[in-house]
Amino acid sequence: MPKGGVNAPVPVAPEATPAVDPRLLVRQEGVKGYLGEFRRRVTSGELGSLPVVLALIIIWAVFGSLNSSFLSAQNLSNLSQQIVGTGMIAIGVVFVLLLGEIDLSVGSVSGLCAAIFAVLNVTHGVNQWVALLSALVGGALVGLIQGLFFAKVGVPAFVVTLAGNLGWNGLMLQVLGASGTVNLSGKDIVSRLYSTIYGEQAAAYGAAAVGVLLFLGASVLDARRRQAAGVPSRPVLDIALRTVALAIIAFLAAYTLNQYKGLPLALLIFLIFIVVLDFVLRRTSYGRQVFALGGNIEGARRAGINVSWIRISVFTICSTMAAVGGLFLAAQIQSASQTSGGGNLLMNAIAAGVIGGTSLFGGRGSTWSALLGALVIGSIQSGMNIQGLSNAIQFMITGAVLLAAVVVDSLARRTQQAAGRA
């Protein structure tokens with residue numbers, strides 16, 4: 001019997017307030033919402049590309065103040081072409097880093113595939129398209145072999161790719177033969193892809209407009225899809241502000257390119273690769289599986305993800321992108337030689353992915369990291385060349401920037417763990 005008699009009211013428990021995951025909240029308050037979201041991301045360790053963007057601004061400001069020619073249209077246009085080869089390789093490295101692994105063979109693979117194209121097309125007179133396809137297939141087969149050893153045999157990726165770094169370099173020397181160097185004709189498809197520049201101003205501005213419109217369309221469709229599914233979506237103001245920011249950057253870049261020669265085809269191809277592979281990572285089930293595997297391999301396995309297939313495919317993509325980058329690098333110097341894929345190429349490709357914001361611990365990153373990281377490294381090298389500094393100084397500063405990027409990544413991960421986000 002309730003206390004106080006038969007007719008005493010029975011106390012009713014208050015309704016439980018459902019817990020709301022802050023990760024599902026979407027800004028709804030314009031500028032104030034942006035500031036709140038920015039504060040939440042910083043305090044929880046979600047820095048994204050902010051550190052590398054700030055670093056790039058500082059690098060450009062420093063070198064621009066030291067020598068006005070650094071920020072000239074000619075130097076920036078040349079820089080946009082020169083980073084393409086390394087950037088292409090870095091895109092593939094990003095895929096491997098997302099798994100929390102490393103590929104130490106990308107430099108040798110790029111040199112090998114450049115040698116395959118040059119020898120087939122120049123030495124043996126094979127059709128340039130057949131030679132190009134052979135080089136790309138060769139890169140894919142290298143990745144497939146290394147992926148099988150890693151995923152099926154269980155050899156650590158570090159060991160497999162370190163052995164590959166030596167073995168593929170030896171195969172490249174064998175392919176090149178006694179001469180050791182094969183000069184490209186300059187009229188082949190690879191050379192034209194690198195050297196072609198669209199001088200009409202409409203080309204650069206048109207590419208910028210298409211990119212902005214594609215971003216706007218994708219953002220609107222994504223918001224509608226999420227609204228239809230009853231999940232949080234970006235508000236209209238958010239989409240508008242992001243589109244305006246992208247438009248400013250895109251048209252400013254187009255204006256700068258038009259002040260020199262125009263839009264380099266190599267840069268356009270690089271951006272297309274970034275956008276397409278970013279779509280694969282972020283908008284397809286395959287991409288979500290890559291992120292899931294990098295975030296928690298055991299959880300991914302229990303969720304039914306084919307771990308072996310993802311690993312093999314990622315290493316295949318990485319080596320294929322190394323082949324693409326190697327071809328652009330060969331076109332840049334108009335030859336394939338015994339030094340192709342050597343030097344600091346491996347370091348720069350891996351550093352570009354890490355400096356650009358891809359985590360060494362896996363599960364966090366973007367193909368845009370390759371562009372940002374390549375810009376940072378290329379800007380450092382270009383600025384120091386203008387200042388007449390030695391390669392020794394360039395190596396030390398690039399190494400310091402790489403270390404700083406890894407430190408930021410480690411601190412961000414610790415902050416995320418403390419906030420329950422990792």
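**Close-up views of helix packing and a pocket**

**View 1. Gly 87, Ala 90, Ile 91 and Val 94 of H4 meet Ser 369, Ala 370 and Ala 374 of H16.** Contact requires heavy atoms within 4.5 Å. The model is predicted: local features need pLDDT of at least 70 and side-chain atom pairs pLDDT 80 or more, while totals for chains, interfaces and linings use all residues. Residues are numbered from 1 along each chain as its sequence is written, and side-chain values use heavy atoms, without hydrogens and water.

**View 2. Helix H4 (residues 84–98) packs against helix H16 (residues 368–387) at an angle of about 135°.** Their axes, 8 Å apart, are lines fitted to C-alpha atoms over the stretch in contact, with angles from 0 to 180 degrees between N-to-C directions. H4 is therefore oblique to H16 (under 35 degrees is roughly parallel, over 145 roughly antiparallel, 65 to 115 roughly perpendicular and the rest oblique). H4 and H16 cross in a right-handed manner (the near helix is turned clockwise from the far one by less than a right angle). Helices are DSSP runs (H or I, at least four residues), numbered from the N terminus.

**View 3. H4 and helix H11 (residues 265–283) pack at about 10°.** Their axes lie 9 Å apart, and the two helices are therefore roughly parallel to each other. From H4, the contact involves Val 84, Gly 87, Met 88, Ile 91, Phe 95 and Leu 98. H11 contributes Ala 266, Leu 267, Ile 269, Phe 270, Phe 273, Ile 274, Leu 277 and Leu 281. The contact of H4 with H11 comprises 13 nonpolar, one polar and no charged residues.

**View 4. H5 and helix H6 (residues 128–153) pack at about 155°, with axes 8 Å apart.** This angle makes H5 roughly antiparallel to H6, and H5 passes H6 in a right-handed crossing. Residues of H5 in the contact include Val 109, Leu 112 and Phe 117; among their partners in H6 are Ala 131, Gly 138 and Val 142. The contact of H5 with H6 has ten nonpolar, five polar and no charged residues.

**View 5. The second largest pocket has a volume of about 760 Å³.** Thr 86, Leu 329, Gln 332, Asn 344 and Asn 348 are the closest to its centre among the 29 lining residues. Elements giving two or more residues to the lining include helix H3 (73–82), helix H5 (106–123) and helix H14 (307–333). H16 supplies the largest share of the lining, six residues. The lining divides into ten nonpolar, 19 polar and no charged residues. A pocket is an open set of points on a 1 Å grid over the protein atoms alone, where a 1.4 Å probe fits, with protein on both sides within 12 Å along at least five of seven lines; lining residues have an atom within 4 Å of a point. Its volume is the space filled by probe spheres set on the points.

Key
Nonpolar A, V, L, I, M, F, W, Y, C, P; charged D, E, K, R; others polar.
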